[in-house]
Amino acid sequence: MNWNQLLSGKRFGMEEYHERKHERTDFQRDYDRLIFSSPFRRLQNKTQVFPLPGSIFVHNRLTHSLEVSCVGRSLGNNVAKGLMQKYPDGSVNFPEIGSIVSAACLAHDMGNPPFGHSGERAISAYFSEGNGRKLKEQILEEGGRYDDFLHFEGNANAMRLLTHQFIGRRKGGFALTYSTLASIIKYPYSSVYAGKKGKFGFFQSEEDAYLRIAAELGICRNPEDANKFVRYPLVYLVEAADDICYQIMDIEDACKLHILTTEEAINLLLNFFESERLDHITRVMKMVDDTNEQIAYLRSCIIGLLVDECSRIFLENEEDILKGTYNTPLIDNICDQAKKAYQTCSDTAYKKIYRAKEVLDIELAGYHIFSHLIDTLTEAVMNQDHAYSKLLLQRIPEQYNTNAPTVYGKVQCVLDYISGMTDVYALDLYRKITGMSLPAV
């Protein structure tokens with residue numbers, strides 16, 4: 001792969017249109033287009049890890065995505081500076097890397113359903129253990145890819161949301177640049193090759209779209225498995241920004257919710273530093289008495305450290321990344337002290353945060369709500385002449401194709417609708433169709 005081809009301002013679905021020149025670059029316009037979109041705005045009411053706030057405000061999908069975007073921009077700018085020093089002839093548009101990565105970071109979670117990662121698991125469980133299994137034979141007989149539902153993936157759903165032409169919408173979906181789209185596809189292969197982790201990058205319905213992106217940008221096949229592609233280079237920076245943010249911010253949120261004590265949180269964060277740097281940071285931290293400010297200061301120091309480390313790893317491995325022979329997250333190769341501290345945070349998060357009662361309660365609720373919504377809506381789209389189905393189908397927005405000619409398409413229509421819901425909307429719809437609540441007249 002080569003940088004000249006990889007950094008393309010061509011817009012997906014609008015290749016034949018010649019647009020007037022703007023003061024903003026195409027990649028900056030991608031960022032603005034995402035910020036002002038309805039699906040991005042709805043992230044404010046989607047769970048990140050903890051239940052949406054009562055008296056204490058914790059991160060939701062929106063605040064998380066904005067923070068990841070800030071970190072991604074820093075990573076992109078660092079890498080751009082390093083690449084400009086390495087390739088000083090000025091023929092490649094390296095300065096735009098920060099804009100591309102920050103835009104992709106905004107979009108990286110837009111395909112995630114409500115109720116956090118438990119939403120993804122609930123959808124997959126419906127097709128592996130629930131009534132969704134009844135549809136398997138029909139989907140396979142018509143040539144559909146059942147694995148798309150069996151391993152439902154927020155990353156693949158983001159690709160669909162951004163590129164699919166929903167009814168009444170424009171060609172190319174969001175019509176983002178090829179480079180921004182490629183930057184969000186962490187797993188550049190189909191669900192058939194998802195493996196035990198169940199991760200993949202695009203549904204059957206968007207496979208041709210991904211192949212177009214790969215051809216345009218010169219993304220090569222994986223040398224170890226021709227059924228897969230190698231990652232687009234900037235994916236590593238988007239992934240690193242996400243890894244940096246969620247791990248550190250989850251510790252901060254857990255402290256605010258008293259799942260971790262202040263002492264536990266501060267010790268976890270101080271572990272990232274050693275020797276003189278640790279002494280200096282400890283002295284500065286103790287200049288304020290407010291524990292929230294202390295933790296905020298430590299968080300900023302850690303993010304700065306990890307941004308520098310991940311930028312360094314990317315630049316040191318740039319040639320292997322372009323060849324497609326580098327295949328580990330940047331965060332896995334940071335310096336030993338930071339790597340050990342990051343792993344300690346990860347272990348603590350798994351034991352004390354992700355298994356906390358509040359988080360498990362959301363997961364339990366999500367499973368039940370999702371199972372019922374998918375069951376009821378799928379029944380409606382499959383039997384549209386039934387009296388109840390006719391009523392329920394009026395709740396599905398016109399942009400979703402309830403009249404898709406295949407079972408695969410009908411199921412995908414239901415999942416498009418459900419995955420786009422906020423937590424509150426999904427709960428409200430569930431209560432109404434089960435008769436648990438009635439609208440005020």
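The legends below describe close-up views of a predicted model.

**View 1. The three domains of the protein chain.** In this predicted model, the domain assignment divides the protein chain into domain 1 (3-113 + 151-217), domain 2 (114-150 + 356-440) and domain 3 (236-353). Taken over C-alpha atoms, the centres of domain 1 and domain 2 lie 25 Å apart.

**View 2. The interface between domain 1 and domain 2.** The size of an interface is often expressed as the accessible area that is lost when the parts come together. Here the area buried between domain 1 and domain 2 comes to about 2700 Å², and carbon and sulfur atoms give 49% of that area. On the domain 1 side, the residues that lose the most area to domain 2 are Pro113, Phe152 and Gln204, which together make up 26% of what that side buries. The contact involves 31 residues from domain 1 and 33 residues from domain 2, and two salt bridges are counted between these domains.

**View 3. The second largest pocket.** This pocket has a volume of about 400 Å³, and of the 22 residues that line the pocket, Pro39, Arg42, Leu161, Arg169 and Gln399 are the closest to its centre. The elements that contribute two or more residues to the lining are α3 (38-41), α9 (154-163) and α20 (407-419). Sorted by class, the lining holds seven nonpolar, ten polar and five charged residues. Domain 1 (3-113 + 151-217) and domain 2 (114-150 + 356-440) each supply at least three residues to the lining of the second largest pocket.

View 4. Side chains of opposite charge can pair when their charged atoms come close. Another salt bridge joins the side chains of lysine 86 and glutamate 319, with 3.4 Å from N to O. This second pair links distant parts of the chain, since lysine 86 is in helix α4 (residues 61-86) and glutamate 319 is in helix α16 (residues 318-323), 233 residues apart. The count of salt bridges comes to 18.

**View 5. The surroundings of lysine 390.** Lysine 390 belongs to helix α19 (residues 387-393). When its neighbours within four places in sequence are left aside, lysine 390 is in contact with Gln384 and Asp385. Alanine 380 is ten residues away from lysine 390 along the chain, and the C-alpha atoms of these two residues are separated by 7.4 Å.

Definitions and conventions
Residues are numbered from 1 along each chain as its sequence is written. This is a predicted model: local features need pLDDT of at least 70, side-chain atom pairs count only at pLDDT 80 or more; totals for chains, interfaces and linings use all residues. Side-chain values use heavy atoms; hydrogens and water are left out. On a 1 Å grid over the protein atoms alone, a cavity is a set of points where a 1.4 Å probe fits but cannot get out, and a pocket is an open set with protein on both sides within 12 Å along at least five of seven lines; lining residues have an atom within 4 Å of a point. Grid points are joined across faces, edges and corners, and a volume is the space filled by probe spheres set on the points. Helices (H or I, at least four residues) and strands (E, at least two) are DSSP runs, numbered from the N terminus. Ala, Val, Leu, Ile, Met, Phe, Trp, Tyr, Cys and Pro count as nonpolar, Asp, Glu, Lys and Arg as charged, and the others, Gly among them, as polar. Domain bounds come from an automatic or database domain assignment. Contact means heavy atoms within 4.5 Å. Buried area is the accessible area (1.4 Å probe) that two parts lose on being put together, summed over both. A salt bridge is a side-chain nitrogen of Lys or Arg within 4 Å of a carboxyl oxygen of Asp or Glu.
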